[in-house]
Amino acid sequence: MLVSAKEMLQKAKAGKYAVGQFNINNLEWTKAILLTAQENNSPVILGVSEGAGKYMCGYKTVVGMVNGMLEELKITVPVALHLDHGSYEGAMACIEAGFSSVMFDGSHYSIEENIAKTKELVDLTSSKGISLEAEVGAIGGEEDGVIGGGEVADPNECKMIADLGVTMLAAGIGNIHGKYPENWAGLSFDTLDDIQKLTKEMPLVLHGGTGIPEDMIKKAISLGVSKINVNTECQLAFAAETRKYIEEGKDLQGKGFDPRKILAPGFEAIKATVKEKMELFGSINKA
Ligand code: 13P
């Protein structure tokens, strides 16, 4: 059964580790992540962007697929199904469809409007036992066509949003989605420290987990980050292995054209990437 992300993140914050949010794109992605979580006895959050939700034939299809897999694969570790960077309407649709967690990304609104919309969703989600992630300070880079400027959040605004009663808070600290540019300045740990001092036990979320050096990930966790989002890295690993299969001409040998064979190396690559991240984040055996 899907669970809210609340308990797993509060435990992670108290235990100084982070739970990974891995974005899903299709059945193979979902199965690879769920099996890896189970094999490593780790809690996990499946992230679904609005674009990926559309691609997978809508939120109800996603809920049906994930619930079916939890049962058929006998998954017993805590799993949350979470809308990533949702609009207000998207969050409402996911709550209706059976997601156990949603993100409302109001970072592009004025702080007043972000507060007003987040507050409405706090009331709605808390009455249904669904966890809610809010965001202050746009995450840079491009995701699903949304381009953010890589802002650094204002810690006082973070406190205002945290005080509304959200479950977890994403704050921009110089992180960006996708690959980091050569001249990237790194994460702003001073800002993170200020945010955590003001928001205290609130689990903080680090977006753009792909390509952040290991020492920065560990430092961020020590300063209150308890959820880390990874998307691009699984895509790169999947693409590299699929490319290799085709370039080696394996699709031309025997029944190598069978989609179940073509997608197998990429599937294994996602599993390896997810396991590596779970080790780094410290969530193994924390289910
Ligand atoms: P990356 O694609 O950079 O790993 O970021 C993922 C993310 O933050 C999803 O919200």
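**Notebook: barrel and ligand shell**

I began with burial in the chain: 47% of its 287 residues are buried. I note here that the model is predicted.

Next I looked at overall size. The C-alpha atoms fill a box of roughly 60 × 45 × 35 Å along the principal axes. I compared the radius of gyration with the globule rule: a compact globule of 287 residues would come near 19 Å, and the chain has 18 Å, so the two agree.

I then checked how far apart in sequence the contacting residues sit. Of the contacts between residues at least 6 apart in sequence, 71% join residues at least 24 apart.

For secondary structure I found 12 helices and 10 strands in the chain. I traced the sheet next. Eight strands form a closed barrel with parallel pairing, in the order β1-β2-β3-β4-β5-β8-β9-β10. Neighbouring strands of this sheet are turned against each other by 25° on average, direction ignored.

Strand β1 covers residues 19-23 and strand β2 residues 44-49; they pair in the parallel sense over three bridges. Which residue of β2 is the bridge partner of Gln-21? I found Ile-45 there.

Last, I went to the ligand. The residues around the ligand number 15, and the closest are His-207, Thr-210, Asn-229, Asn-231 and Thr-232. By residue class, I count 12 polar residues in the shell, two charged and one nonpolar. Both β3 and β10 are also strands of the closed barrel.

How values were computed. Residues numbered from 1 in each chain as written. Predicted model: local features only at pLDDT ≥ 70, side-chain atom pairs only at ≥ 80, totals over all residues. Pairing = 2+ DSSP bridges. Helix = DSSP H or I, 4+ residues; strand = E, 2+ residues; numbered from the N terminus. Axes fitted to C-alpha atoms, helices over the stretch in contact; angles between N-to-C directions. Near = placed C-beta within 6 Å. Nonpolar A, V, L, I, M, F, W, Y, C, P; charged D, E, K, R; others polar. Rg over C-alpha atoms; globule rule 2.2 N^0.38 Å. Buried ≥ 20, exposed ≤ 12 C-beta atoms within 10 Å, placed from the backbone. Contact = placed C-beta atoms within 7 Å.
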